Amino acid sequence: MATVDPSVETQISHDDHAHGDHSNYLLAGSGFKSWFFTLDHKRIGLMYLAATIGSFFLGGFFALLVRTELLFEGPTIMNAENYNRVFTLHGAIMVFLFIIPSIPAALGNFVLPIMLGAKDVAFPKLNLASFHLWCGGAIFFLMALLSTGLDTGWTFYTPYSTTTYNSEGTGAFQSSGVILATTGVFILGFSSIFTGINMVTTVHTMRPPGMTWFRLPLFVWAIYATAIIQVLATPVLAITLGLLTIERVVGIGIFDPAMGGDPVLYQHFFWFYSHPAVYIMILPAMGVISDLMSVHCRKHIFGYRFIAYSSIAIALLGFLVWGHHMFTSTSALASTVFSALTFSVSIPSAIKVFNWLTTMYKGSISLATPMMYALSFLMLFTIGGLTGLFLGTLAIDIHLHDTYFVVAHFHYVMMGGTLIAFLGGVYHWWPKMTGKMFNDRLGQIFALCIFFAFNLTFFPQFVLGSRGMPRRYYDYVPEFEFLHQVSTVGSYLLGLSLVGALYVLVSSLWSGKKAPANPWGAATLEFQCSSPPPLHNFDEAPTVGDPYALEDFEYDPETKGFVPVANPQGVSSH
Amino acid sequence: MSTVTPDEQTSADSHDHDGHGHHEHPSYVAHHFDTSQQQFDAGKLGIWLFLAQEILFFSGLFVFYVYIKTLKPGAFEYAHSFLEVKYGLINTFVLITSSLTMAWGVRCAQLNQKNGLKLCLALTLLGAFGFLGVKYVEYTNKFSHGLYWGSMYTHHLGGAHGDVHGASGDHGASSDHGDDSTHGAAADHAEGDHHADGEHGGAPVDVGDGEVAEATTAIVDADGPAIGGSVNLPDGAPRGGGPGGTLGQDGELLIDAEQPKDADAETLDRVAEAAMEKSHAEGLDGDHAEPFKPPISDPEYAAYLDELAVLYDNPKDAGLYFSVYYCMTGLHAIHVIAGIVVILWIFLRALKEEFHSDFFGPVDYVGLYWHLVDLVWIFLFPMLYLVR
């Protein structure tokens, strides 16, 4: 295997070709068509990034509407029916348009092929198709959500979803929106499936010589495990929503007891996808954190194999626990089995948390913005995960099921977990993607604001839930008003902080300093090419070594980035 | 990537005027792959992953099947007897043969036998169309006897579109599993109660040409649940409509009715009379005409099925079975159609002689897809046609 050539860095930066600026993928072709019909995984990743962030703020807007309604007892800004529509919109947009595609499609698409030293993903046209399906599904889905009276909740539970017809609506709201929305989700599902197929194949077939499985960055392991779930679980959602649609249209009777069917069957089908779906949400986030922890603590990740294996374990075990969403719909025996399995799936997650903590121990911890998010993740995800254990305990779940405790739990893991890791990843790879450095001080401040505002918003909800406040209710007894108000104030601050975090990134596009190839001193391959990368990622073949051999890189004050040392230690089998 | 020599370091599409040397890539290898073998392997893995998710796509329907097989065995046994094994056998044979021709086509491509490839793909397409043709015959056969899915199941009413004969005397019992007293009671007041039950929303309909089209819940027994798939929905609730019938005001199933009209005694009398005449004319005493019987030759088993019919010949039992049947075979047929589209695409490319022994990946992958479609049928056929 070739040794690291210290002049590689200079070679790359001087590699400007006169014909079509391939030194920088952002400049290779301009105009709408060169983006919307691109086959370049980097452009597709950026488009996904913009699209998912846009969806996030739209879903967030509806969240703020929900919180505003809950500011005072009784109807505040809307009636009960509209409240149901608003929280349905919030949940559906966030789950299907934002959180599931976020890290795999935006960051995964951009970073993974470069981490493998490849020119692109295995199926670039399929990648583009995934993105187009997302766009088409999103337009369809949004039209469905915004123009109809859909108020089933994002879970579309039967029998309400099969029989609702929204009689009191007027004009545009007369349609119940169920069929339109389920069709939109169906289309989005195939976007997810194709991304999964692409990622699995890319990791299997496009690794460079010398990059064995245990030389993969942990982010790649995470995306790989996620992709497996995407491929195996999403079609079950597709057939579930398909059967729901057929039930509405022609009345096959599958979920209708008067026709011999069973509404709980829907719940089984739905959660058989939707539980693995939450692992689609969290696994990539964990992958981001693994890389962030190592790099920003200047220390080799601790327990590489444990983290890698635990990703696969989570992916597999995640298929076995769907019943914990249905403890009140299933028998005592079934519930007991699912409860036990739920406890088992928490173990690999805990293993990761221990490994990250140990990575930090005696590391040289930098509090750059990505690391602020990584630290937030550690705390928030741990709280979310532990509270999941409470919910998995049958005797406790009886009291907490369908209360705000559940709402707080999943916001801690999905928002405190996935969103925070997503932000951390976006900040971490922002210099690579755009070639610009952001204002780190401002980034840190907003990261801290997000952390505090998040806790202010959602911690009271644990208390509310344990005291009996049900979820999806637009009104409540006076005892709950204070905590709701705390939560709502928190949510406004959270919204502002998130806008601030976005501002830091966007403003770097015009006022940010030029980014070096390796601003953080990572050892993974994506930081061995220029920032932004050339069109085909590498002009020179990159050298494959230990992805966490950080000692092989030292800070160069001239370029304000990291460069390989003269005598690398890490280019050996690990 | 690391095997790239310095000569080939530049971006792939610059091999025209770039001084670094022409790319070695053959035209059929995409630029992000290093070798033809890598491209082929990637494509193989990709299609296998796609097939894996297809299996999971069908899995929900397999669960639906298991649900009805284990929880409603009587309904399963009765309804399944309507399926004609001969059609299933023909389809199985056709599909397996088309899989053979498809595999043969892949082999032709590998061996550079371009004409052989074209012929095999054409034969495969023929098989696919043949399959759909047989399915068409089967489906229309069933539709003509009212063997629809779920709420549109009208077989117990004599079945065909707008061709319901006589009072629904038997049906009072069909949803009361094993409740014989109701059966007797229903039969007793079958005719007379038409008048009294007008208030139950048994709105009758157009009477003409001696044919009687009638609301099925003309008889709604006090002690039995609503029959004929009538679900109590609020006014105006949309529900499955179609050739079988629509749901009226109170959720009752109306056959070929336009509007639920108020029944007046005179109309009901006429309806009842016409029904009685018709059933007498057909040599049955007091009851309506028999609906289409399952095509069973063994008289003992046929008699047994007649007994089952009393219990299960209704939308929520046999109808549910047919929901499973149509969902499974319907989804499969959709995949056959999709297969036709992709095989046609490959066929057109084969006509342009795009495939040869160094490049036959797409033929291989489409072949794998087609084999999966065949495999699903090989499960469907015994599960639906053979298993009792």
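This report walks through helix packing and the nonpolar core in a predicted model.

## Ground rules

Local features here need pLDDT of at least 70 and side-chain atom pairs count only at pLDDT 80 or more, while totals for chains, interfaces and linings use all residues; side-chain values use heavy atoms, with hydrogens and water left out. Residues are numbered from 1 along each chain as its sequence is written, and chains are lettered from A in the order in which they are written.

Let's start with helix α9 (residues 263-296) and helix α14 (residues 404-434), both of chain A, which pack at an angle of about 50 degrees with their axes 9 Å apart. Helices are DSSP runs (H or I, at least four residues) numbered from the N terminus, and axes are lines fitted to C-alpha atoms over the stretch in contact, with angles from 0 to 180 degrees between N-to-C directions. That angle makes α9(A) oblique to α14(A) (under 35 degrees is roughly parallel, over 145 roughly antiparallel, 65 to 115 roughly perpendicular, and the rest oblique).

The crossing is left-handed (the near helix is turned anticlockwise from the far one by less than a right angle). Residues of α9(A) in this contact (heavy atoms within 4.5 Å) include A:Met281, A:Ile282 and A:Ala285, and those of α14(A) include A:Val413, A:Met414 and A:Gly417. By class, the contact has 11 nonpolar, six polar and one charged residues (Ala, Val, Leu, Ile, Met, Phe, Trp, Tyr, Cys and Pro are nonpolar, Asp, Glu, Lys and Arg charged, and the others, Gly among them, polar).

## Helices α7 and α8

In chain A, the axes of helix α7 (residues 178-205) and helix α8 (residues 218-250) come within 7 Å and cross at roughly 155 degrees. The two are therefore roughly antiparallel to each other. Their contact has 22 nonpolar, nine polar and one charged residues.

The largest nonpolar core has 260 residues, of which A:Trp356, A:Phe377, A:Phe422 and B:Phe322 touch the most other members. Such a core is a set of buried (under 20% relative accessible area, 1.4 Å probe, protein chains only) Ala, Val, Leu, Ile, Met, Phe, Trp, Tyr and Cys residues joined through side-chain atoms within 4.5 Å. Its largest share, 22 residues, comes from helix α4 (residues 80-115) of chain A.

Which residues does A:Phe422 contact, leaving aside its neighbours within four places in sequence? Among them are A:Leu49, A:Phe98, A:Ile103 and A:Leu107. Helices α4(A) and α14(A) pack at about 35 degrees, with their axes 11 Å apart, in a left-handed crossing. A:Phe98 in α4(A) and A:Phe422 in α14(A) are among the residues where these helices meet.

Technical notes:
Buried means under 20% relative accessible area, exposed over 50%, partly exposed in between (1.4 Å probe, protein chains only).
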